[in-house]
Every structure is written in structure tokens, then in C-alpha cells.
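Dear colleague,

Please find below the structure that I am handing over to you. My notes on its two ligand sites follow.

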Amino acid sequence: MKRIVVTGGAGFIGSNFVRYTLNTYPEVHVVNVDKLTYAGNLDNLKDLDASRHTFVQADIADAEAMAKAMEGCDAVVNFAADSHVDRSIMEASDFIATNVRGVHNILEAAKAQGTKRVLLVSTDEVYGSIAEGSFRETDPVGPRNPYSASKAGGELLGLSYFHTFGIPVIITRGSNTYGPYQYPEKVLPLFVTNAIDNEPLPLYGDGKNVRDWLFVEDHCRGVDHALRHGTPGEIYNIAGENERENIALTTKILECVGKDDSLIRPVKDRPGHDRRYSIDSTKLKALGWEPQMDWETGVALTVKWYQENEWWWRKIKTGEFLEYYKRQYADRGSA
Ligand code: NAD
Ligand code: TYD
């Protein structure tokens, strides 16, 4: 693989993946296709080697632009998505345009051009909630919010293109991811940056929903591993193996920032809030991948990154973000 198209490469996981790829494979050139929505940020790409990285501002929902960007590529890795559950509950149409129609355009371009690998980055959320045990790749999908439903839609289209047209589609389903460069609408960077500013941490419901936390570099290595060693038509779970109740994550963040629990503000729950996510990644582990970051170190390291990089997040937490924050949290009251 010499030329890899990465979509959504100006976002959180995508930019970490581009950095990981350029650092790991000196022969690879990355074409980074990103629409630069509110979540896309060229600051995430500042330190990259420009001689092996081409940035193209384009919408994956634009079929022509996507086909052009993919010309001559060996593989495409799709990170581009509308990715925040709470936003999908407020308004879902962009989620359908990007997460379903955009994926369709990638599949069509791959079909026309004979692209050797199409990796669709997806999420453990497509399974829905599980009270006990962990989902395997053979379990049926059961998404329960517009974001996860749109991601499942993109996945199913991908599998249909594998079965119908032989397009070499591989799907990964990662757990909740955390680390540097995450847009501060997601719980971890939101709580860290609020805590730094002595602002309340709006904890939904009883705080006992469980998420499995996966460090971003482990997620990137997992995607890369599936891309290079996975089998077309297959799905691979990427678990962090760090399941925590939200309240435990919150107190850990406060401990790392050096603030006390009085900043915790229990608020009205998210509608349809999935209680627990849990996946089993035995299948990807059998190919030689495993998560390397332990949770305590990962959270401490991530908190430190936000403490040391205020230049990065302070300008994000203005304008569009503040409007969103008001809409999302103003009427939440208390739990
Ligand atoms: P993000 O919101 O930080 O970044 C998304 C990027 O996609 C942004 O740069 C944005 O500009 C770009 N984008 C959005 N719509 C686009 C379009 N129509 N055309 C081109 N670019 C577009 O998201 P993230 O957290 O980095 O997630 C990346 C991928 O990983 C998504 O597919 C998401 O579903 C998946 N995922 C995320 C997590 C997580 O915890 N963050 C976990 C599992 C899977
Ligand atoms: P989030 O980061 O939005 O990821 P996802 O919904 O994809 O899992 O939320 C992670 C967990 O944190 C989820 O259970 C919802 C909860 N949460 C809060 O309690 N307060 C918040 O302000 C946010 C954004 C999330």
C-alpha cells in the first residue's frame, strides 16, 4: 500500500490515524479528504510531514469529488462521519447524508476504480446496549439512536457491496475512544476542559452507564491491523477492555485535574441512553493486535495533554460550540 485515502482525517481519530500511518510507514502517501465540519480542524494536522500528506477539502457525500480524490489509491479508510449522539438526537439529517450516502459514494468509487481495500470505521454502538457479557461480531446489530443507526446503515451497505460486487470491504467497530485532539463535545474532553475552568460537569442520569474506553493510538493500530491483516467481508471489534461507569470516569478526571467532586452536576438523562457497551475483540487479537494503554495512564496522559494544549481547545470552545452547549444543556436542569 503506497497511496491511502483517509477520509475525516482532520477529526479526532482520523488525524491520529494519519499521524500514526505517516510515522509507521515511510513509503505511504496519505490523501486526507475532509469537509472541515465544526469537528474538522487543520490544527490537528500541523505537525505532519507535508511531503507525504495531501489535504483535500471535500464532502464524501459529493460523489464526483470523492471519485476524484480516490483516483489511483490502493486503499481507502473512512473515518468521516457525523459522530456525536447528542447532536443526532437534536437533528439527524447530516448523519444520514454523511454516514450513509457518503459511504455509498466511497463504495461506488471503489467499485469503479478497483480499489484494493475499503475499510469502514464503525462503532460498538451499532450493537446497542448489553446488560451482561460482550458482543461478538456474529451478533446482530441493534442500534438505538440516530447516530448508531446511521453507522449501521453505512456498514450494511458496505457488506452488501462485498457480497454483491466483491468490493473488498472490511469493517471495524471500536469502543469509546479518548486521547489528544478530541473535540470537546464528547464527555472526556468536555469534562477535562470544564474542570480546568471550574465549570460544572453535566453527568447524565444516575452516572452509572458503562462505556469501554479505548486509547486513540490503540484504536488507530487496530484499524491499521484490520486494514493490512483482515479478510474482506469481515467485521472486527476493537475493544479497550477498560469498562467504567461514567461516574468513575468523572471522579478520575477530577482527581487528575486536581479538583473536587463538587463540580459534578447530575442532569436530565439522554433520551434512549444506552446503558452499557461491551465488545469482545478475540477475533482481531487472533490476528496479532491488542490494546496497549492501561486506563489510569491513558486518562492521566490525556488530561495532561489538554492542560498543556489550551491553545488547541480554547479557540474551539467559542462561537459554534457555545451555541451548541447552550442548546444541549440549558434545559437539562438536574437529574
Ligand atoms: P470527529 O467528529 O472528531 O471527526 C469527524 C471528521 O469527519 C471531522 O474532521 C469532520 O470534518 C469530517 N467529516 C464529517 N462529515 C464529513 C463529510 N461529509 N465529508 C468529509 N468529511 C466529513 O469523529 P471521531 O471521533 O474522530 O470519529 C471518527 C470515526 O470513528 C467516525 O466514523 C466514528 O463513527 C468512529 N468512531 C468513533 C468513536 C469515538 O469514540 N469517537 C468510537 C468508535 C468509532
Ligand atoms: P459521549 O462522549 O457522548 O459518547 P457516546 O454517547 O458515543 O458513548 O458520552 C459518553 C458517556 O458519557 C455516555 O454514557 C453519555 C455520558 N455523557 C454525560 O454524562 N454527560 C455529557 O455531557 C456527555 C457529552 C456524555
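A polar backbone atom of Phe79 lies 3.1 Å from an oxygen atom of ligand 1, a polar contact being a pair of N or O atoms within 3.5 Å. The side chain of Asp34 places an N or O atom 2.6 Å from an oxygen atom of ligand 1. On its own, ligand 1 has 830 Å² of accessible area, and the protein covers 97% of this (Shrake-Rupley method, 1.4 Å probe).

This is a predicted model, in which local features need pLDDT of at least 70 and side-chain atom pairs count only at pLDDT 80 or more, while totals for chains, interfaces and linings use all residues. Residues are numbered from 1 along each chain as its sequence is written, chains are lettered from A and ligands numbered from 1 in the order written, and side-chain values use heavy atoms, without hydrogens and water.

Around ligand 1 there are 29 residues, where near means a heavy atom within 4 Å. The largest share of this shell, three residues, comes from β5, a strand (a DSSP run of E, at least two residues).

Arg270 has a side-chain N or O atom 2.5 Å from an oxygen atom of ligand 2, and a polar side-chain atom of Tyr329 is 2.7 Å from an oxygen atom of ligand 2. Taken alone, ligand 2 exposes 500 Å², of which the protein buries 97%.

Yours sincerely

Conventions
A polar contact is a pair of N or O atoms within 3.5 Å; within protein, one must be able to donate a hydrogen and the other to accept it, and residues adjacent in sequence count only if both atoms are side-chain atoms. Helices (H or I, at least four residues) and strands (E, at least two) are DSSP runs, numbered from the N terminus.
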